[in-house]
Amino acid sequence: MDENQIFKPRIDLSEVQQTFQAIQDEIRGIIVGQDKLIEQMIVAIFCEGHILLEGLPGVAKTLAAKCVAQATQADFSRIQFTPDLMPSDVVGTTIYNVKSGNFEFSKGPIFSNIILIDEINRSPAKTQAALFECMEEQQVTIDGVTHEMEFPFLVIGTQNPVDHEGTYRLPEAQQDRFLFKLVIDYPDVENEIEIINRHQTHNHKLDAKNINAVLTKEKLSAVKSAISSVVVNENVVRYIAELVGATRTHPSIYIGASPRASINLLKSTKTLAAIHGRDFVIPEDVKEMVYPVLNHRIMLTPEKEMEGQTSREVLKHIVEKIPV
């Protein structure tokens, strides 16, 4: 039997792959040396999952978020979180209309398709709590009235891991609502040289506004429909459940991942398989998605944190321990 016949997908994934490639090519024209980050962000878009970007100042967290938003033909809003920001500044409030004599709801900036929340950890818990309902249920309830969010709805938050002055730790319940936590590192020397050269010769072109919007709402719906047909073998499902379950019994972990983590791990692996042209998930897909899905959902014991152990090391140990 011909090899192409053996591995020919049972469902048509060409639109998924073409859309992924088109978005990737657009963003690569602006962001240098972050191919894995770009791939994971596109996976999150296809899953309609929220992204938490963490990195030191100057590593293009905000630029990456704006590039993703610009590549999607949808409404975009940006909210700069500050310590004095109130919940009504995010979700909106009911105001009295003098002309009509009625109270009317004035929508906040959260009512958009892609929302960039810059320095998300700079607002107190009261403001963070305003995001809980809309991030999970894609709706906002004000004065007993529920307001639905439009499709697609995606929150991209950025935070600095070392600047603790005037910041607040994100509540665990809110972190759990992010599909991925992606950590952006410094570029290597070769990529940094490329960044410098680009700014020296093409500075006017290195703006997210120059990215073409290649992903429409209709195309995203078609992509999600195709991804939902990707097959996940029951053994792979068990593997996912055992990996997530191991975070709840590991001696280095104080709080393990929730069932929401298992669901998100499943969704992201199906999307990863689809963009690589496979209509089935393999264990390598699961291994690749373990860290971005789980790293912000586990809390190490105080002893291990004092010893300098990281969530990446613990998750690596779990992956090595659980047999495929």
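Predicted model: local features only at pLDDT ≥ 70, side-chain atom pairs only at ≥ 80, totals over all residues.
Helix α12 covers residues 259-275 and is mostly covered, with 12 of its 17 residues buried. The largest nonpolar core holds 69 residues, and another core, of 22 residues, lies apart from it.

**Helix α12**
- From its first C-alpha to its last, α12 reaches 25 Å, which is close to the 24 Å expected at 1.5 Å a residue.
- The buried residues of α12 include Ala 261, Ser 262, Asn 264 and Leu 265, and also the run made up of Ser 268, Thr 269, Lys 270, Thr 271, Leu 272, Ala 273, Ala 274 and Ile 275.
- These buried residues pack against the helices α2 (14-28), α3 (35-47), α10 (217-228), α11 (234-246) and α13 (283-294), and against β9 (178-184).
- Just after α12, Gly 277 takes a positive phi of about 85 degrees.

**Nonpolar cores**
- Within the largest core, the residues that touch the most other members are Val 16, Phe 46, Leu 53, Ile 156 and Val 286, while α3 gives the most to this core, with 9 residues.
- Leaving aside neighbours within four places in sequence, Val 286 is in contact with Leu 265 and Thr 269, and also with Val 236, Tyr 239, Ile 240, Leu 243 and Val 281.
- Among the residues of the 22-residue core are Ile 115, Ile 117, Cys 134 and Met 135.

**Ser 311**
- Ser 311 is found in helix α15, which spans residues 311-321.
- Because its relative accessible area is 15%, under the 20% limit, Ser 311 counts as buried.
- Beyond its neighbours within four places in sequence, Ser 311 is in contact with Tyr 291, Asn 295, Ile 298 and Leu 300.

Definitions and conventions: Residues numbered from 1 in each chain as written. Heavy atoms only, no water. Helix = DSSP H or I, 4+ residues; strand = E, 2+ residues; numbered from the N terminus. Expected span 1.5 Å × (residues − 1). Buried < 20%, exposed > 50% of the residue type's maximum accessible area, 1.4 Å probe, protein only. Contact = heavy atoms within 4.5 Å. Core = buried A, V, L, I, M, F, W, Y, C linked by side-chain atoms within 4.5 Å.
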